[in-house]
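Visitor: Please pick one part of this structure and look at it closely. I would like the residues, the numbers and the cut-offs behind them.

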Amino acid sequence: MAWLAGTLLGAIALPQAAGASGDFGCDPAWRLFNREFNRCSNTALLSPGNDTRVNLLFLARDRQAAPATGFAYPGESLAEPGLGHNFFSWRMLRGSLYPQPEAADDDNPHYGSRCISLASGTSAFNAALAANRSVPAAERTALTAARARTGLYCTEEASGYVAPTGIASAPGREFAGYLDAAEGFYIEDFARARDGFTRLRGSKDPWLAETAAYMVARTELNAAQVGAFDEYGSYDAGKVDKAALGRARGAFDDYLKRYAQGRYAASAQGLIRRTLWLGGDAVGLAREYERMLAATSAATPAVADLVQEVDNKLLTTEGGRAIDGPLMLATADLMMMRESYEGGPQPIALAQIVAQEKSFAGRADLYGYVLAAHAFYVEKNPAKVLQLLPDDARKPAYGPLAFSRQVLRGMALAAKGDRNEAGFWRELLGGAKGPYQRPVVELALAMNLERTGRLAEVFGPASPIGETVLREILLQNVAGADLLRSQARDARRPVHERDLALFTLLHKELAYGDYAAFVSDSAMLGASASSEGGLWDLLVQDRVPAGLFRKATWSDGYACPALSATAASLVQNPRDVKARLCLGDFYRLNGFDDFGVFADDAMRPKRDELGGTPSLFVGKPTPRGDFYAQIIADSKVGGEDKAYALFRAINCYAPSGGNACGNADVPESQRRAWFQRLKKDYPASPWAQKLRYYW
């Protein structure tokens, strides 16, 4: 990444490639603090880690006070599993705010090329020809047929155009001249196209006159850029024809003067932005984007298209040094507060932001937020945040900026350990009605209650925390037996949440050795409890496989009864040898070795994330590797049971040499000793005969 130094007229230097989008991971950290970009870790809080497009779109909507009318959380076609309603990608946000079909251009085989207008141009030509009653019928037929052959170069890579013959009328010859110019345009004979369209700008036919004026500009623009892109789409700014580019800009300006509300006015405005970009006029481009962000209705998908363009063409490129409008400048500043990797660019300095104050004239609320964000994320000074952002948590509703100001204040309260933090979040919930806002506040409140020992309040009947994924994270990682049991029985909650509570309860009762409770609580398993889907990620899976505790695989050689019988034996005698070996096989055969309480620490929430506090289950879980070690050390155990314990203990290290059974590692010399003991003391055992190596 190349970062540019210095400022220009209060503007900002931006990274070449620290941009918005990209297919990075999709595993957000469940916390409010977000300083690292991840394509699906965006939230309603304007933050450094958000996609720049997300921040800019929220700011554009905020400036116009765009209503949340029509907003709905993404359906199945857009949703990504595991995000709940707290996090989203750019694609999800667009689909939520503007739930419309994809643009027709996305299905155009010529999208992105000058041939994009081939089909629409054909329809418009034929309509204009039909409307001009001065063209004889026979000529209209010939001209319509000729138009069908125009632009075959776009599809067949060869010109199939044949000029119409027998065109004698004056208006008919003008339409024929248009076709000849259009063919020149499509086959890159831009001189032919320019001359033909120029002659038609004075036509008496209104469609021909307007379209020719527009096409003169398009022709010059294509002539200017045709040599700057290679066959792979790579761009070389040094190969832009600056003379043609200047003529294109003049022609677009001329068109807009003559047809300010014309049929091509919106396209002409967009192509003027392209002339600015091709010409390297970053200052002009930045000003045009800032103007358009104010003029484009934030209630329509056009604003999202504009934000995408801003991001591609200016915000995350070297041209970003010219940004001095408040919306784009704030977005860029937040991006430059991202976490710095080793050897990478340092975050934006406070002095750079202070130098931008004039660029934020009239937007003290936005400038104050940028300063507060820098104080929190870069300076790590929550007290300063509280000074910059007054408490205003009792409004009936919030726009994106006002909401972000209050959430950042709440984060500063949390960082300082303020005793009124929970009350602040509860007050803010009342106005968190905008897109994706309420889940942010629910996450903040849930983390506070978890960390202050009031976890039960998250699940109480009057709890304002309704987001299922937040509740499930706490159930899976923190909740004790009583809370899990009550939630498994709470018919008011979704089936997935109840099943996860029951699954977690049964798993931990076995792991922590509370076998009597397991036998009792197993009665809650319904006949329809699923045992399919594995244990790859219970929060994401459609079904929680609680049925594993009733109808899983019990054995693959060592004879074991159903888990219910094994648990019953352990109730009678927690040191029952066969029952411990069978419980170990249940763990092994059904994927529990690296799941839940047996998972590596890296699989659990970090301390600063939701669910990152210690589990409220009492005691210490016992992995199956401990069962084997206990049985091997027990001199009273012999025969097949001892042999099987040795066999399984050795196989804990197969084939990598790493222990997959959850207990403390033993050295290779110990595994060799186990192997030799198995072969010497139990040579007739099927386990001794089956084992050929140790690891």
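Guide: By class, the lining of the second largest cavity holds six nonpolar residues, one polar residue and no charged residue. Here Ala, Val, Leu, Ile, Met, Phe, Trp, Tyr, Cys and Pro count as nonpolar, Asp, Glu, Lys and Arg as charged, and the others, Gly among them, as polar. The model is predicted, so local features need pLDDT of at least 70 and side-chain atom pairs pLDDT 80 or more, while totals for chains, interfaces and linings use all residues. Residues are numbered from 1 along each chain as its sequence is written, and side-chain values use heavy atoms, without hydrogens and water.

The lining consists of Trp-554, Cys-560, Pro-561, Leu-563, Thr-566, Cys-582 and Phe-586. Two elements, α26 (563-572) and α27 (577-589), each give two or more residues to this lining; helices are DSSP runs of H or I with at least four residues, numbered from the N terminus. The volume is about 30 Å³, and a search of the whole structure finds two cavities of 30 Å³ or more. A cavity is a set of points on a 1 Å grid over the protein atoms alone where a 1.4 Å probe fits but cannot get out, and lining residues have an atom within 4 Å of a point. Points are joined across faces, edges and corners, and the volume is the space filled by probe spheres set on them.

Two of the lining residues, Cys-560 and Cys-582, form a disulfide with their sulfur atoms 2.1 Å apart; the cut-off for a cysteine sulfur pair is within 2.5 Å. Cys-560 lies in the loop between α25 (548-551) and α26, and Cys-582 in helix α27, so the bond ties together parts 22 residues apart in sequence. Its S-S torsion is about -95°, so the disulfide is left-handed. The structure holds two disulfides.

Note on methods. On a 1 Å grid over the protein atoms alone, a cavity is a set of points where a 1.4 Å probe fits but cannot get out, and a pocket is an open set with protein on both sides within 12 Å along at least five of seven lines; lining residues have an atom within 4 Å of a point.
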